[in-house]
Amino acid sequence: MKISNIANTYLVLSLLTGALMPVMLYIGGANIPIPEFLFLAYIFAVPSSLVFVLANGKKGKLVSMLRNRRDLSIVAVIGILNYFFLEYGLTYAERFVSTSLATVIYRSFPIIMFIFLPLVLREKVSRLQIGALLLAFAGFIIAFTGGNFSFSSANGPIILFLIFIAVMSALSSVLVKRYVFDMESSMFVFNLANMVLFGAMFVASSGGGLHFSLPDTSALIAILYVGIVYNVLTGFMYYSALRMIKTTLVTNFYFLSPFITFGFAAVILGEPIRLYYLLIAVFVSVGIVIQKFDKVGGSYLSKEKKKLEYMVYDISSAFVNTRNKEVYNVLKGNGRVLAVKVEKGWHNRLGNLIYEMKQGGGGNYINEVRVYTDMDRNSVSEDESVFIRDIMGIKEHEAALICAGNPKHGERFFTDFSERIRSDRADKIES
């Protein structure tokens, strides 16, 4: 299956399964104490995620992650930023406000992600993206206020608490895309870190011991759903899709999640569905359509002051599951994979270009990066090439010139490449 098809499938499935999660948190938290409920969920999540790792043949990558303190620490912190604050916070908040209202506020995290994109991922944000996100935000305001634009002061502290949870989820989602670790192994570490944290909370709340309640059938279903479905499968699918698809398209699409939650809450919890929810759906749909026509947003925000001949794209997402160990190690560190669209004729000149750049003093960085094109099957698989050409809009007579390594070196390479292009054009005109 094509990478883009896999990503879209993951996105849809994670949307559907994630939309049921707030309802399950309400059911579980209403029957047994919150620390106990979530600790039990993670007791199931940890072995389930381990089986998931082994079933996908990722034992070696998990062992490597567990032995690397830096990688282990980063992944554990990302997991706590999202799952701990989300699951404990949402379960607690649902004791004071409806599941539908809590979900709408929490699902504002895609808007907050927009703030982190230029800072963490160095992604350009286009006017079309701003317009699409403003439409989605307008839909959020309508849902949040019930269409009358008035806020209840009694729920003020809970609303602020939910916004804080959304900020944590936004930051963790952006960090997942920034640090390209093996996703199956990351899910295990996410669950392990949170199990330890919720276990400590449960012991503290139980007076220093493990005194379990006897969950009824509904609470047990909630525990299994949160622990296995949401904490393993949904998380894997969402983060995988986020890595492979343009960030703002994923975030805008996820604004559909509250509406699905509204349906679940109505059927399972008996919460009413308001007619103005349909108006919000229109705003979200228009935002998604706008994203389809955007070509600038998501491209790389270069620090180079010199004008580049080409638009630079960050195509690291094409290699999240790469078998190319060199590229995988680049991404696991602080490196990125950048690319520009070039005429195919430059494919034949690439070797000479790198040689000339080394001779011209470019050796201070050119030896630190790997340069090739999407036509190089020793470095880029056919599926990766198809995905790259799709997200960059590459036509038949074009190719992707790729530079993997420190993004600062990559930017410098493309700056020198742009100057070489301009120089060649000037030489042709003179001749």
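Is Phe-236 buried or exposed? What we have on the screen is a predicted model, where local features need pLDDT of at least 70, side-chain atom pairs count only at pLDDT 80 or more, and totals for chains, interfaces and linings use all residues. Residues are numbered from 1 along each chain as its sequence is written, and side-chain values use heavy atoms, with hydrogens and water left out.

Now, back to the opening question. Phe-236 counts as buried, because its relative accessibility is 9%. The word buried means under 20% relative accessible area, while exposed is over 50% and partly exposed is in between, using a 1.4 Å probe and protein chains only. Of the 431 residues in the protein, 53% are buried.

Next, the overall layout. The protein has 18 helices and four strands. Helices (H or I, at least four residues) and strands (E, at least two) are DSSP runs, numbered from the N terminus. Among contacts with a separation of 6 or more, 84% are between residues 24 or more positions apart; a contact means heavy atoms within 4.5 Å.

Let's look at the rings. Rings of Phe, Tyr and Trp (its six-membered ring) pair if their centres lie within 6.5 Å; planes under 30 degrees apart are stacked, over 60 edge-to-face, and the rest tilted. With that rule, the count is 17 aromatic pairs. One of them joins Phe-52 and Phe-236, edge-to-face, at 5.0 Å centre to centre and 75° between the planes.

Tyr-83 and Phe-190 are tilted, because their planes stand at 40° with the ring centres 5.9 Å apart. Tyr-83 belongs to helix α5 (residues 69-93) and Phe-190 to helix α10 (residues 183-205), so this pair ties together parts that are 107 residues apart in sequence. Tyr-83 is buried at 1% relative accessible area, and Phe-190 is buried at 2%. Ring pairs also build a cluster out of Tyr-42, Phe-84, Phe-85, Tyr-88, Phe-164 and Phe-198.

The axes of α2 (residues 21-31) and α13 (residues 257-269) come within 8 Å and cross at roughly 35°. Those axes are lines fitted to C-alpha atoms, for helices over the stretch in contact, and the angles run from 0 to 180 degrees between N-to-C directions. From α2, Pro-22, Val-23, Tyr-26 and Ile-27 meet Thr-261, Phe-264, Ala-265, Ile-268 and Leu-269 of α13. By class, this contact has eight nonpolar residues, one polar and no charged ones. For the classes, Ala, Val, Leu, Ile, Met, Phe, Trp, Tyr, Cys and Pro are nonpolar, Asp, Glu, Lys and Arg are charged, and the others, Gly among them, are polar.

So where is the empty space? Rolling a probe the size of a water molecule over the atoms shows where empty space is left. On a 1 Å grid over the protein atoms alone, a cavity is a set of points where a 1.4 Å probe fits but cannot get out; a pocket is an open set with protein on both sides within 12 Å along at least five of seven lines, and lining residues have an atom within 4 Å of a point. Grid points are joined across faces, edges and corners, and a volume is the space filled by probe spheres set on the points.

The lining of the largest cavity divides into seven nonpolar, seven polar and one charged.

The second largest pocket has a volume of about 610 Å³. Of its 26 lining residues, Ile-3, Val-320, Asn-321, Thr-322 and Arg-323 lie nearest the centre.

One last stop: Ser-172, in helix α9. Ser-172 is buried, with a relative accessible area of 0%. Leaving out residues up to four places away in sequence, Ser-172 touches Ile-78, Leu-81, Asn-82 and Tyr-239.
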